Amino acid sequence: MPPHSPSAAGVPDEGDERSVAPVRQALSDSVYERIKAMVMDHEIAPGARVGIESLARALRVSPTPVREALARLESDGLVVKRALSGYRATELLTRQGVEELFEMRLLLEPRAAALAAENATEAQLDGLERIVEEMQVQPSPNGRYASYRDFAALDQRFHEAIGQAAHRPLLADAVERLHAHLHIFRLSKVVGAGGPTVAEHERIVRAVLRRNPERAAEAMTEHLTRSMERQHDGGDGSAPVPPTR
């Protein structure tokens, strides 16, 4: 009788585990992106219950990757988990909520930019330049989430990279936890805002590269102020944020 093999008994050996793990991760990432798009595009309405079983059926997957995706989306601030009622999509920011978000950003990010000008490593400076270069070739935010996902991700990376380059871990963590890019893009696509955003990012990077903390802080303040103004008028006057409720 041949020696007993774990694989023959249906138990994956170490090689099988290594090959299965990337497949599982790819499925998890795919389900996360699909549900995220549904939330960003309001296919899952703000405040609506998010059913694990119904999503699993709609996406033709098991409940496990759906649960994993919802846990990640909860960390992103796009869904909330409540006792006895499961997950719900977070409500959209009101006008007051937008103003409070930018108030927090104006407290944190100009200081982060100033510290980045003083403390960024050469590798971090190169990284900031690469992000801006990638943003230059992206289409301007427009339409559904799939069309501006990469632009939004680069916007997130840029602001988080500034926070990391400040070399103040608590400050960097606070900037990241705001998830500003997700809340703002979910509220309004701000059609045509890509060009101004990239130009403003370029001015911030130039100040950081020149090791000019005062100018870096000013450039970040200018960028955030203009971004808030674009939110209030929808970028072209067509999509203002909701009134305070």
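The crossing of H2 and H3 is right-handed, a term used where the near helix is turned clockwise from the far one by less than a right angle. Helix H2 (residues 52-59) and H3 pack at an angle of about 115°, with their axes 9 Å apart; axes are lines fitted to C-alpha atoms over the stretch in contact, and angles run from 0 to 180 degrees between N-to-C directions. This is a predicted model, in which local features need pLDDT of at least 70 and side-chain atom pairs count only at pLDDT 80 or more, while totals for chains, interfaces and linings use all residues. Residues are numbered from 1 along each chain as its sequence is written, and side-chain values use heavy atoms, without hydrogens and water.

- On the H2 side the contact (heavy atoms within 4.5 Å) is made by Ile-52, Glu-53, Leu-55 and Ala-56, and on the H3 side by Pro-63, Val-66, Arg-67 and Leu-70.
- These residues divide into six nonpolar, no polar and two charged, where Ala, Val, Leu, Ile, Met, Phe, Trp, Tyr, Cys and Pro count as nonpolar, Asp, Glu, Lys and Arg as charged, and the others, Gly among them, as polar.

**Overall fold**
- The protein chain has 10 helices and three strands, taken as DSSP runs (H or I, at least four residues, for helices; E, at least two, for strands) and numbered from the N terminus.
- Of the 245 residues in the chain, 41% are buried, that is, under 20% relative accessible area with a 1.4 Å probe and protein chains only.

**Largest pocket**
- The largest pocket has a volume of about 170 Å³; a pocket is an open set of points on a 1 Å grid over the protein atoms alone, where a 1.4 Å probe fits, with protein on both sides within 12 Å along at least five of seven lines, and the volume is the space filled by probe spheres set on the points, which are joined across faces, edges and corners.
- H7 gives the most to the lining (residues with an atom within 4 Å of a point), with three residues, and by class the lining has two nonpolar, four polar and six charged residues.
- Among the lining residues are Tyr-32, Asp-76, Arg-177 and His-179.

**Positive phi values**
- His-179, in the loop between H7 and H8, has a phi near 50° and is buried, with a relative accessible area of 13%.
- Leu-84, in the loop between strand E2 (79-82) and strand E3 (86-89), has a phi near 70° and is exposed (over 50%), with a relative accessible area of 94%.
- Most residues other than glycine have a negative phi.
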